[in-house]
Structures are given as C-alpha cells and as structure tokens.
Amino acid sequence: MTNINGKAYAMTAITPMKAWKSPILRLFFFILGHVKPLQADLVNLSFIHFARWVLIGRSKFPRLSESQPQEQLRYDYLLFFSNFNGTWNQYIDAFSDVLERGLNLVWRWSEKYPGARPVTPFKRYIAMVQFDTDYYYTAYPRATTNDVKAAHRVNAALEDLARQSASMSAEQFGAAYTRFLVAVQGDLGATGVGPVGT
Amino acid sequence: MSNLDVSDIQGFALRGYTFPCARYLLLAISTPEAGRQFVLRVSAHITTGERWDDGKPASTVNIAFTHHGLARLGLPEATLLSFPLEFAQGMKARHEILFDTGRNAPERWDPVWRDAQVQVWLGVHAQSPAALDERCSKLQAIMDETGGAKLLAAQDAAAIVIDGKPTTKEHFGYTDGFGNPDFEGVERKTVPGQGKLAPNGQWVPLATGEFLLGYPDEAGELPLAPVPRLLARNGTFMVYRKLHQNVATFRAYLEEQGKRYGGGKEKLAAKFVGRWRDGTPLELAPGQPDPVLAGDPKRSTDFTYGADRDGARCPLGAHIRRAHPRDAFGFDGKLVNRRRITRRGLPYGTYTPEGQPVRDEDEHGVIFMVLNASIFRQFEFVQQQWIEYGNDARQGSDKDPMLGNHGGQGKSMIQGSTDPQNPPFLCARLPNFVELRGGDYFFIPSMTALRLIAQGAVDPR
Amino acid sequence: MANQSGNVYGLTILSPIIDDPRAEVSHDCAIRDYLASLPRDHRSPFAKLGSTHLARMVVMDDVIFVGAPAREEHLQSKYLVFESNFDGDLDTYLRRMAEDIPTEVDAVWRHCIGYPGVRDAAAFAAYMKKCQLETTFYFADVNDKTVGQTLHALRVQAGVAEFIAAQQGKPAAEIQAAFQQLMEKVRREGKG
C-alpha cells in the first residue's frame with residue numbers, strides 16, 4: 001500500500017476551480033498564514049507532519065520545451081498534499097467533526113465539493129479526487145508527529161537534568177530526578193508499529 | 001425527538017438486563033425454509049424494549065444473526081451485499097485489524113469460534129438457574145420441532161456471587177458495569193458523564209443513530225445500513241467477544257509491582273483502570289476509594305479530564321480514559337462522540353476469591369458484548385486506535401495495560417507527581433492479562449425485520 | 001516565503017513526462033515501475049540525502065472529472081509530482097540530489113521533458129526550478145528540528161524509557177552513577 005509508510009499516510013488530491021475563484025482562496029490562505037490563532041485547531045489536532053496547498057493557474061503548468069503541447073485548461077487546479085498519522089477514515093472523520101468551517105473555506109471554491117458535513121458524501125468526493133502515491137519516504141516511519149514532539153521534550157528535559165546535576169549530592173540528585181520523571185512522564189510512549197491502515 | 005417505538009426494538013439493544021444468570025446459545029441454521037420457520041416460532045418469545053409494568057419477567061430472550069446466518073436464511077443477494085463490509089467479513093477475517101494476533105489469534109479460540117461458523121445467537125437472561133434451564137429447554141423444543149437450527153455450543157455466564165450475594169465484580173476484582181451511553185429517545189434521564197459534552201459543559205444525550213439504525217447519527221446523517229430500510233430500522237450491530245482472564249498472572253503482577261509502587265497495591269490496581277476496584281473514579285477520588293460515591297450512579301460517571309491534563313490522577317493510558325476520553329482531546333469532546341459504544345456482558349467460569357490458589361488455565365473471564373450502529377467506526381476504532389494503540393492518548397504505540405495484547409513486552413507509564421504516595425511509575429514487561437477466545441459480529445434486527453426475515457419477504461430492490 | 005516554514009522547506013515539483021507513442025514502455029509506466037522497485041526505508045536514496053523528513057512521488061496522468069455541471073477537460077501531458085519536506089535551503093538540496101544520488105535521480109527524471117542530466121549540478125538545479133510550483137500555504141507541525149536531531153531525539157526517548165524502567169526503585173546514588181553513564185552514551189550517540 002504505497003500511500004502508507006510506517007505510521008505516515010500520504011494523501012494527494014487535486015480539484016478543479018473556476019479561475020475567478022482563485023484570488024479569493026489565495027486571500028484566505030494569506031490570512032490563515034498571518035493570523036496564527038486560526039491555525040490553532042490544526043496544531044491541536046496534532047496528526048499532521050506536513051501539509052500544503054498549491055494553487056496552479058491554468059496556464060502555469062510547467063512547460064519545458066516548444067515541442068511539449070500547451071495545456072488548454074479552463075479551470076485552475078488546487079493541489080493538496082498531506083502527510084498525516086492515522087487511517088484515511090480516521091483523518092477525514094476528525095476533520096469533518098472538528099474543522100468543518102475551515103475545510104469549507106478552502107474547498108468550497110472547488111467544483112462539486114459537497115461540504116465537510118455530513119461526512120459520507122465528503123469521503124466519496126475525496127476518494128474521487130485522490131491520487132495514489134507511487135513512492136513514499138519518511139525518515140521516521142515508526143513515529144507519529146506526537147511521538148516526535150514528545151521525543152524533543154524528553155531530550156530537552158534530559159539535557160536540563162544533565163546540566164543541573166553536574167555537581168549535586170546524591171540526595172539532591174534524587175529530588176531532581178523525581179522532578180525529571182514528572183516532566184517526561186507523559187512523553188514516554190514507545191515508537192514502533194501502528195494499526196493496520198484500513 | 002419523540003420516544004422510540006420500544007415495542008419494535010429488541011430489549012437487549014435498549015437495556016442491560018441486570019439478571020444474575022445468562023446462557024448464550026450459538027446455533028447453525030439447517031435449511032433456509034426450516035430456518036425461517038424456526039425464526040418465526042422464536043419471534044413470539046423475543047423480549048422487546050417495552051417497559052415491564054408487571055415486574056421483571058423470570059427470563060428474557062433475544063436473537064441476533066451473523067452475515068452467514070442471514071445468508072443461510074435466504075436473504076436476497078443484493079440485500080446481503082448492502083450490509084457493511086466489516087459485518088459481512090466477520091470478526092475472524094478482520095483479526096489483524098483488531099490486533100487479535102499472537103495470544104489472541106483465531107488459532108487459539110474455542111472450537112465453536114475457530115472451526116465452526118456461528119449463524120445465530122440466542123441470548124437468554126434469567127433470574128435463576130432454574131428459570132434459565134426452563135427457558136432454554138423451550139427454545140430447544142422449538143429447534144427440534146422445526147428442525148430449523150441446531151445448537152453448536154452454549155456459553156453460560158453469571159454474576160459473581162460473593163458472600164451469598166450477586167455482585168457486579170469481574171474476576172480481577174474490579175466492579176464493572178458503569179456508564180453506558182445515553183442517547184436520545186430512551187426513557188431514562190441523562191446521567192452526567194454518559195452522553196456527550198455540550199459546549200456549556202453539561203452532559204446531553206448522544207444522537208440515536210450512534211446506537212440504532214434508521215436514525216440520524218452524530219454526523220447528521222443516517223448511518224450506513226442494509227437495504228431495505230425496514231430491515232435496518234430499529235436494529236443494531238453487536239460485537240461478541242469471549243475474553244479469558246489470566247487471573248493468576250494478574251494477581252502475581254499486581255502483588256509484585258504493588259510492593260514497588262509508592263501508592264501500594266490497591267492504588268496500582270486503580271491506576272490500570274482509572275477506577276478503584278470498588279468503582280470509585282480516580283478523577284474524583286485520587287487518594288482512596290469512596291464507596292458512597294461509587295454506589296451513586298448520578299455521581300460515579302460525572303467527571304472530566306480537563307483538570308488532569310498530566311494524568312497525575314487518572315493516568316493517560318488507563319483503561320477508562322482510553323475507552324472513553326471525554327474531554328481529554330479538547331474540541332468540546334467532538335472527536336469522541338462518534339466513538340462511543342454500549343457495553344453489555346457478564347463474567348463466566350468459577351470465581352476464585354483473593355488469596356486462594358488459582359491458575360491462568362482455569363476457565364474464567366468475561367463475555368463482552370458491544371452494541372453500536374457501526375462496528376467499523378465505533379467498536380473497531382476503539383479497539384484498534386485506543387485500546388491496542390496509544391497515539392491519540394499521546395502514549396505512542398503503548399497499549400491498554402489491562403486489555404492490551406502486549407506479548408510480554410508491553411509497558412504503560414503511570415503518571416504521578418512529587419508526592420511519594422503518587423509517584424511516576426513505569427509498568428514494564430506487561431503480560432497479556434486478557435486473552436481472546438472467540439467471538440463474531442452480529443446483527444440484532446427489530447421485531448419488524450425479524451418478521452420480514454421469517455417470512456422470506458425481504459425485497460431485494 | 002510561502003515555500004518555507006521555520007527551518008523546513010516545502011518543495012513542489014511538477015515535471016512534464018515525455019510522451020513517446022513509439023516507446024516500448026511508455027515513460028510514465030517506466031517511472032512507476034522504477035519507483036515500485038525503490039526501497040522506501042533506510043536504504044532509500046532520500047535517506048542518503050539525510051535532510052529529507054518526508055517526500056513522495058506521484059505520476060499524475062490527468063486531472064479528474066468531478067461530474068456535471070463541471071466541464072470535462074484533460075491534460076496534454078502527464079506530470080511527475082515530487083513533494084518534499086526537508087531541512088535547509090533549496091539550492092543545497094538540489095545540488096546534493098545531483099551529487100549524492102545521481103543514479104536514482106537520473107533513473108526517474110530522464111523520462112521527463114527538458115531534463116539536462118545530473119553531471120552539471122547547476123543545470124539540473126535550473127531545470128528543477130523551472131518545474132517548481134510556489135506553495136500557496138505550507139503547514140509544518142515541527143519546523144525547527146532537523147532530521148538528524150529528530151532521529152537522535154527518538155533514540156534518546158527510547159533510551160530514557162529503558163533507563164527509567166531499569167532504575168526504578170534504586171537508591172539515588174546508584175541512579176546518579178547510572179545517569180552519568182547514560183549521558184555519556186547519549187553524547188556518543190549524538191556525535192555518530
């Protein structure tokens with residue numbers, strides 16, 4: 001299943017947009033990029049490693065030679081790439097349940113988009129516009145983005161302890177070590193294999 | 001939301017009969033014609049969701065079918081294809097998705113689940129062993145007279161009796177049976193903690209369609225259901241799992257680790273589950289059990305995790321926190337509302353009191369049943385993502401300490417504080433305390449649907 | 001800079017694929033076949049690059065007709081889509097693609113129009129930039145840690161869990177001594 005590598009799923013989707021709607025979407029993305037609180041929900045869902053949207057103007061498909069035929073397109077195209085953790089169904093369910101408005105603001109400009117709720121027609125639409133991946137690489141297949149963030153926190157806490165404890169008595173170290181345990185106790189989940197991504 | 005037509009819904013889908021004994025008859029259909037005769041005759045005995053104005057009956061009967069059973073009864077091909085995929089495949093075929101591998105793999109299941117194909121489940125609950133036997137022999141008579149079904153196996157279950165009284169305890173000593181989801185249309189009043197969280201922090205009932213087919217669910221649509229609508233409406237899906245308990249291993253682990261844990265053995269036991277063994281929730285009583293609280297249904301499920309983000313009271317990986325995260329994921333609990341399940345069940349096998357010798361191989365455990373409108377979206381999701389995996393709980397690949405299929409290498413972190421009575425504690429080398437011995441996916445039809453099936457009158461469209 | 005988020009760069013490349021009806025195996029199929037055989041784990045060419053967090057390649061053979069009243073239309077060419085999330089700047093990444101994994105780059109991109117080869121790293125970078133699309137919106141959950149730092153942190157995390165289990169219940173002096181050893185190991189590991 002080439003869309004999946006370890007705990008990461010690569011979703012690629014392309015949707016057509018009437019050209020006059022593109023500037024509206026660009027404006028929305030501009031605002032999203034500069035008004036950080038709007039991104040808060042995305043950050044709190046915490047199952048995307050990296051994601052991006054790419055708006056391709058209908059005349060902007062790369063043309064590398066005169067012999068390459070010119071594209072004759074009526075629509076602009078919105079490309080979406082997501083690298084997320086969890087199953088396809090879980091991911092779409094979560095977005096539909098929690099980020100309905102945000103999703104609609106991005107995709108309402110795409111032709112035949114049914115809305116993020118109810119979820120069944122939304123899933124049908126995504127399945128229709130999704131491309132399967134021919135090659136997917138991840139440098140840390142056994143870790144979700146939660147695992148990565150937890151690992152960085154543990155590492156930082158360990159360095160703190162190392163710095164502080166340089167010249168401590170055993171008793172002082174004991175207390176510092178307990179504080180260290182409390183600091184990292186939520187971040188020690190094992191990395192490894194995830195569930196079958198059905 | 002008008003009240004449900006309880007005379008059309010099987011009682012088992014609406015209430016957990018708190019009867020002390022049960023027998024689950026696992027049947028195979030003989031021929032389609034005789035099988036339908038059998039269903040017709042048995043339908044007259046099925047307990048519906050109607051109120052018992054004349055007092056509790058001596059026994060109740062409910063019926064459910066696997067996909068194989070429906071096929072054997074002659075449902076049209078197009079109808080069979082319209083059932084959800086996971087139900088059609090059955091639980092054994094989906095064992096990898098459910099992490100039913102290793103100690104839980106189908107090769108190690110009871111013969112009836114491993115080798116045979118169960119087609120019909122008859123759930124008989126009774127007030128006494130005598131009433132149970134009487135009801136079962138009546139059902140056997142119908143089987144014999146119609147020649148429509150034969151008994152593959154019978155599974156007995158019963159409330160554990162301690163000091164002469166039936167309890168709601170299970171074999172590890174935990175008090176069970178708390179909090180089943182509230183949903184709209186049912187007559188009982190909402191109990192805090194059992195429905196879903198409204199933005200103002202109040203608990204309100206969940207959408208009916210999370211637990212019954214033919215009604216809108218939490219996503220604002222009708223859940224995927226077989227066609228025609230009359231076949232599906234007022235029905236639901238059931239997951240049946242026979243969970244063997246390794247009581248000796250559990251007691252030994254608790255004893256050994258309890259000595260090393262600053263809070264002591266009972267507190268360690270509480271940290272595995274999220275409730276003290278008497279049922280008191282850790283969130284409300286982190287220091288010691290509170291029998292009054294535990295015994296009050298209006299209080300015993302009324303809590304959230306918002307004030308305990310670090311898991312110092314109820315660990316992040318504790319069983320009840322995994323199975324029902326409440327507000328732990330933020331977003332007003334929205335990520336949780338479509339993952340709720342109704343649980344039913346009873347212990348089986350001989351109870352060995354604490355302190356007396358017991359062996360893992362002794363036949364004892366829990367017959368665990370889950371009711372939900374979508375096996376895939378509800379039970380399978382909870383099992384796959386929240387019990388056998390920990391990413392949503394931010395516990396990586398760590399599994400539920402109690403139910404997890406650890407394979408001897410599991411670990412679970414118990415979060416704590418600098419209080420020596422509540423220290424951070426890492427449970428390592430967790431063994432499998434619970435093993436799966438079989439089960440399958442069933443459809444619990446409404447009374448109308450039962451009639452349609454019995455009459456062979458399902459329209460294939 | 002829309003392609004950048006913190007220290008991570010989001011590269012989106014759309015390379016038109018050569019359309020040769022006389023080829024025995026069409027170029028898009030050739031790419032697919034080659035990619036199917038490429039290892040996706042630590043033996044991946046992207047592992048050799050070392051700065052790639054996550055990357056994918058998709059042969060996009062056409063746009064999708066979503067149904068009336070939308071109008072049907074088609075691409076004149078097929079495109080190889082390359083999406084990568086990596087540490088550092090674009091020029092360095094493209095140069096390293098040409099210098100460190102030339103065989104694999106060549107095996108894929110020689111099926112694409114205008115590809116100049118990898119011998120001349122500058123020409124290769126210029127070609128890729130002609131194929132680059134500007135990212136409209138880029139989200140990176142963690143954008144301030146390199147691949148190396150991330151892998152190190154993950155190993156440390158596992159080591160810490162093991163350490164905690166092993167030291168549980170021991171007296172403080174013993175834990176302190178074991179901790180010195182742990183830190184030595186972590187330092188050594190970080191340098192390797």
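Helices here are DSSP runs of H or I with at least four residues, strands are E runs of at least two, and both are numbered from the N terminus. Ser46(A) is not a glycine, yet its phi is positive, at about 55°.

The model is a predicted one, so local features need pLDDT of at least 70 and side-chain atom pairs count only at pLDDT 80 or more, while totals for chains, interfaces and linings use all residues. Residues are numbered from 1 along each chain as its sequence is written, and chains are lettered from A and ligands numbered from 1 in the order in which they are written.

Chain A splits into domain 1 (4–131) and domain 2 (145–184), with bounds that come from an automatic or database domain assignment. Taken over C-alpha atoms, the centres of these two domains of chain A are 40 Å apart. For chain C the assignment gives domain 1 (4–133) and domain 2 (147–191), and here the C-alpha centres of the two domains are separated by 40 Å.

On the α6(A) side the contact uses Val154(A), Ala157(A), Leu161(A) and Gln164(A), and on the α7(A) side Ala176(A), Phe180(A), Ala183(A) and Val184(A); residues are in contact if their C-beta atoms, placed from the backbone, lie within 7 Å. Seven of these residues are nonpolar, one is polar and none is charged. In this scheme Ala, Val, Leu, Ile, Met, Phe, Trp, Tyr, Cys and Pro are nonpolar, Asp, Glu, Lys and Arg are charged, and the others, Gly among them, are polar.

Turning to the partners of chain A, 63 residues of chain C touch 69 residues of chain A. Helix α6 (residues 147–167) of chain C gives the most to chain C's side, with 11 residues. By class, that side of chain C has 38 nonpolar, 16 polar and nine charged residues. Strands join in as well: β3 (residues 48–56) of chain A and β6 (residues 137–140) of chain C run antiparallel, joined by four bridges, where pairing takes at least two DSSP bridges. Within β6(C), Phe139(C) stands opposite Ala51(A).

Chain B also meets chain A, through 31 residues of chain B and 32 of chain A. On chain B's side, α13 (376–387) and β12 (410–414) each supply at least two residues. That side of chain B comprises eight nonpolar, 14 polar and nine charged residues. Chain B itself holds 14 helices and 14 strands.

One joins Arg117(A) and Pro118(A), with omega about -5°, and Pro118(A) lies in the loop between α4 (100–107) and α5 (119–129) of chain A. Another joins Val227(B) and Pro228(B), with omega about 5°; Pro228(B) is in the loop between β8 (203–204) and α8 (229–232) of chain B.

Notes:
Two residues are in contact if their C-beta atoms, placed from the backbone, lie within 7 Å.
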